[in-house]
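The points below may be read alongside the structure.

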Amino acid sequence: MFIRLPHMPLLVPNRHRGKLIVVEGIDGSGKSTQLSLLSQWLRAQCIAVAFSEWNSSPLVRETTKRGKKKNMFTPVTFSLIHATDFADRLERYIVPLVKAGAVVCADRYAYTAFARDVVRGVSRRWVRNLYRFALRPNLAFYFRVPLEVAIGRILGGRNAIKFYEAGMDMGLSRNVEESFRIFQGRILDEYEAMIQEIGFHVIDATGSIEEQQQQMRDIVMRELGESLRDGILRASRGDLDAAQAAPRIL
Amino acid sequence: MLLKQPLEFYSESLAGVDRGELQGKLIVIEGPDSVGRSTQVARLRTWLEHQGHAVLDTGLARGALAGKGISQAKEGNTLGPITMTLFYATDFADRLENEIVPALRAGFVVLTDRYIFSLMARAIARGEDRAWIERVASFALVPHAIYYLRAEVRDLVSRVVLGRGAFDHWESGMDMRFGADMHDSFVKYQSRVIHALDRMAKRYNFVVIDATKTPDQIFRELQRSIGKLF
């Protein structure tokens, strides 16, 4: 018995006051640095900015930790637990804040799963359906970087690549660095293949940090300029100082 | 309708599973909360073992990976409906790949107290998209038989009151506040679950069993039907 399922549209359009900006790219592409600079720039304009990071839901943390520690994950459960984590952040944090008029900046979004989980072995169609409940970003940046450049940055900066980060669960190579290279290379191919489909704004991540940031700001102004002037929730200086003290990362 | 070999997936194939290797039988008992499923599963297990079959029984949120996380999440007050659906789906996938498939390979009879159908019905009852959750769950194996213990919501209410004597927060769908109090919310939520299961009955070939019969009658009906699978 094969259950026939209709074609589904991708993600839910954002009809709220607030905006959602996401960055994507392989490890070492520099996307987190750029997003952090962008959010500071927005905050300096008194815009209410919130930040959400991939795989950071406290509700799911213990389960993810257990699975990773004991190598219990399969491609499907790995994909589903990350979707659970994402759903929790979306339902409790991202959507309410976007409704309230904030600009939410997300370091990695559903597209990370589209790339990574497919490389792990789930189908493109299945994982795209899985994230169909997600709010469609107003802007999605993709930081394009050659594999060797990214690997150089990772190996230079951190000393240990983690088991799942290197795709060691896939048995690509017994050598962690080699496995990481193959795994990230395949993820890169998936990202490249979805540029049109997603409508990524591609940033050349080999450029200087300042150049990349300028490009990002230009794109934000061009695409969202109008709505950033009017619709967005803004803070007075006093609110802003008070808000600085509060935790804003989930 | 009962299915003969070989087992199939609904739509997505799980990596590393050769269906030809799955020698066991996969039997599902479905139905809403408090309908009497676990009583029947326990009796069936004993009966099947007396017949010489090795039996694995499993059920929602019992998996090694996510079972604990789900119970912890349900103790808090921040579990959103989509998050809950996906957490249960994670647990289901974990049990399917790490318990059910290995047991079927080893020739066991797998008796499962609920399957993807309750998971989907709960999601649909909470207003989530039917096609979305159907596709999420489409990596499931098509069971040899699915028995749907069907009752009206008033039967469930009397079972809850006469049995446990109190309504449960989650069984009442209180996370969605379907009604002013636990009773009203239970009635509304469980009606929606029953409606969702009813709508699946034909599409997924449920064998519908009237759960208002006595437990003995239901058991004999199940025995007669399951007997034909061997």
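1. A residue is termed buried here if 20 or more other C-beta atoms lie within 10 Å of its own. By that criterion, 47% of the 230 residues of chain B count as buried. The model under discussion is a predicted one.

2. The overall dimensions of chain B deserve a comment. A compact globule of 230 residues would have a radius of gyration near 17 Å, and because chain B has 17 Å, the two values agree. Taken along the principal axes, the C-alpha atoms of chain B fill a box of roughly 50 × 40 × 30 Å. Of the contacts in chain B between residues at least 6 apart in sequence, 78% join residues at least 24 apart.

3. Chain B contains 8 helices and 5 strands. Read from the N terminus, its elements follow the order β-α-β-α-α-β-α-α-β-α-α-β-α.

4. In chain A, strand β1 (residues 19–24) is mostly covered, with 6 of its 6 residues buried. Lys19(A), Ile21(A) and Val23(A) point one way from the strand, whereas Leu20(A), Val22(A) and Glu24(A) point the other way.

5. Which strands pair with β1(A)? One is β3 (residues 103–107) of chain A, which runs parallel to β1(A) and is joined to it by 5 bridges. In this pairing, Lys19(A) stands opposite Val103(A). Another is β4 (residues 139–144) of chain A, also parallel, over 4 bridges. Here Val22(A) has Ala140(A) as its bridge partner, and Glu24(A) stands opposite Tyr142(A).

6. Strand β4(A) is likewise mostly covered, 5 of its 6 residues being buried. Besides β1(A), β4(A) pairs in the parallel sense with β5 (residues 201–204) of chain A, over 4 bridges. Tyr142(A) has Val202(A) as its bridge partner in β5(A).

7. Nonpolar side chains tend to be buried together in soluble globular proteins. In this model, the largest nonpolar core has 140 residues. Those with the most contacts inside it are Val103(A), Val104(A), Phe141(A), Ala89(B), Val110(B), Met120(B) and Tyr147(B). Helix α3 (residues 81–105) of chain B provides the largest share of this core, 13 residues.

8. Val104(A) may be inspected individually. Leaving aside neighbours within four places in sequence, Val104(A) is in contact with Gly18(A), Leu20(A), Ala50(A), Ser52(A), Ile94(A), Leu97(A) and Val98(A).

9. An α-helix has 3.6 residues a turn, so residues three or four places apart point the same way.

10. How many residues of each chain are in contact with the other? There are 32 residues of chain A in contact with 32 residues of chain B. On the side of chain A that touches chain B, α2 (58–69), α3 (75–100) and α5 (124–130) each supply at least two residues. The most come from α3(A), with 11 residues. By class, this side of chain A has 18 nonpolar, 8 polar and 6 charged residues.

Note on methods:
Residues numbered from 1 in each chain as written. Chains lettered and ligands numbered in written order. Predicted model: local features only at pLDDT ≥ 70, side-chain atom pairs only at ≥ 80, totals over all residues. Contact = placed C-beta atoms within 7 Å. Nonpolar A, V, L, I, M, F, W, Y, C, P; charged D, E, K, R; others polar. Core = buried A, V, L, I, M, F, W, Y, C linked by C-beta atoms within 7 Å. Buried ≥ 20, exposed ≤ 12 C-beta atoms within 10 Å, placed from the backbone. Pairing = 2+ DSSP bridges. Rg over C-alpha atoms; globule rule 2.2 N^0.38 Å.
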